[in-house]
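Here is a short report for a reader meeting this structure for the first time. Please look over the sequence and the model, then read on.

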Amino acid sequence: MNKNQLLPLFVAALLALGACANKQKPAAEVISAAETSLAAVKADAARYAPETLAAVEGKLASLKDGFGRKDYDAVIAGGADLTGSITQLEGEVAQKRQQAEADAQAWTGLAADVPQMVTAIQSRVDTLSKSRSLPRGMQAASLESAKEGLAQMKTDWGKATAAHDAGNAIAAAEAARAAQSRGREVMVLLGMPPAG
Amino acid sequence: MTKEETPVTRDNPYAQYHVVAKGETLSKIAEQYYGDMMLYKKIFEANRDILSDPDKIKPGQKLLIP
């Protein structure tokens, strides 16, 4: 191969190097911008949307790998998807934060209501358990179902208070509402009227 | 804590009540709600604030049914 034949190859290599250098900067900016956006939401995301956060961090790690391999085209191409995922994460975090605030406010009412419901049902179950026969219209199976429902209520309420103590307002309210809902069903089984 | 330590009280929003009708007795009311006349004592004890004698109830009295 003579010099005339090598020249085009040399020029092509220079052009490729130049193109590569031209894309390195925008690729680095894609990663930098993603890291900045993610850092702003990461603490809340870890609390409210850990699974989505993990997925986004996986995408970011993938782009960083691409950058390390100098695959800048892939980094730039993947930037839009990552940005979209971060935006989605921000939305999910905002929605969960709002729900947590609402549930934290609802907790006061639930914490006052559910234990009273348990007390009323427990009292009736205890009395009916001592009865030599059941009131007209009530089947023995209903009383047994009520006992099981009461036990489940207590389990749900235990979960609710544990979640509340752990600072998880959403899980606390969800478990408390489950207990409340079950309590209403049990009260129907026992022929008890709704509150109020 | 025993179950008897947290009885249903009148400030419980889920407490059930029975308004006494003419001719009713605590035994009849106990049979209606519990299926057992002998459990009238439960109702009497829950209403000691307004009843002094289980045999003396008056029409219109609002009894707590525990």
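## Overall picture

In chain A, 75% of the contacts with a separation of 6 or more are between residues 24 or more positions apart. Contact here means heavy atoms within 4.5 Å. The model is predicted: local features need pLDDT of at least 70, side-chain atom pairs count only at pLDDT 80 or more, and totals for chains, interfaces and linings use all residues. Residues are numbered from 1 along each chain as its sequence is written, chains are lettered from A and ligands numbered from 1 in the order in which they are written, and side-chain values use heavy atoms, with hydrogens and water left out.

Chain A has 5 helices and 0 strands. Along the sequence, the pattern reads α-α-α-α-α. Helices (H or I, at least four residues) and strands (E, at least two) are DSSP runs, numbered from the N terminus.

## Surface and interior

Chain A has 196 residues, and 34% of them are buried. Buried means under 20% relative accessible area, exposed means over 50%, and partly exposed lies in between (1.4 Å probe, protein chains only).

The chain exposes about 11300 Å². Carbon and sulfur atoms supply 56% of that area. Accessible areas come from the Shrake-Rupley method with a 1.4 Å probe; for residues, only the protein chains shown count as cover.

## Helices α2 and α3

Two packed helices are described by the angle between their axes and the distance between the axes. Axes are lines fitted to C-alpha atoms, for helices over the stretch in contact, and angles run from 0 to 180 degrees between N-to-C directions. Helix α2 (residues 50-68) of chain A and α3(A) cross at roughly 165 degrees, and their axes come within 9 Å. That makes α2(A) roughly antiparallel to α3(A). Angles under 35 degrees count as roughly parallel, over 145 as roughly antiparallel, 65 to 115 as roughly perpendicular and the rest as oblique. The crossing of α2(A) and α3(A) is left-handed. A crossing is left-handed if the near helix is turned anticlockwise from the far one by less than a right angle, and right-handed if clockwise.

On the α2(A) side, the contact includes V56(A), K59(A), L60(A) and L63(A). On the α3(A) side, L82(A), S85(A), I86(A) and L89(A) are among the residues involved. By class, the contact of α2(A) with α3(A) has 11 nonpolar, 5 polar and 3 charged residues. Ala, Val, Leu, Ile, Met, Phe, Trp, Tyr, Cys and Pro count as nonpolar, Asp, Glu, Lys and Arg as charged, and the others, Gly among them, as polar.

Which residues does L82(A) touch, not counting residues up to four places away in sequence? They are A34(A), V56(A), K59(A), L60(A) and L63(A). L82(A) is in helix α3 (residues 72-130) of chain A. Its relative accessibility is 2%, so L82(A) counts as buried. L82(A) and R97(A) are 15 residues apart in sequence, and their C-alpha atoms are 22 Å apart in space.

S85(A) also lies in helix α3 of chain A. At 8% relative accessibility, S85(A) is buried. S85(A) touches V56(A) and K59(A), leaving aside residues up to four places away in sequence.

α3(A) and α4(A) pack at about 155 degrees, with axes 10 Å apart. The pair is therefore roughly antiparallel. Their crossing is left-handed. In α3(A), W107(A), L110(A) and V114(A) are among the residues that meet α4(A). The α4(A) residues there include L150(A), M153(A) and W157(A). The contact of α3(A) with α4(A) divides into 15 nonpolar, 4 polar and 2 charged residues.

Helix α4 (residues 140-165) of chain A also packs with helix α5 (residues 169-189) of chain A. The angle is about 165 degrees, and the axes are 8 Å apart. α4(A) and α5(A) are therefore roughly antiparallel to each other. This crossing is left-handed. The contact of α4(A) with α5(A) has 14 nonpolar, 6 polar and 3 charged residues.

## Loop residues

K70(A) lies in the loop between α2 and α3 of chain A. K70(A) is not a glycine, although its phi is positive, at about 65 degrees. At 56% relative accessibility, K70(A) is exposed.

A166(A) is in the loop between α4 and α5 of chain A. A166(A) is exposed, at 64% relative accessible area. G167(A) is in the loop between α4 and α5 of chain A. G167(A) is partly exposed, at 38%. G167(A) and A100(A) are 67 residues apart in sequence and 9.8 Å apart in space, C-alpha to C-alpha.
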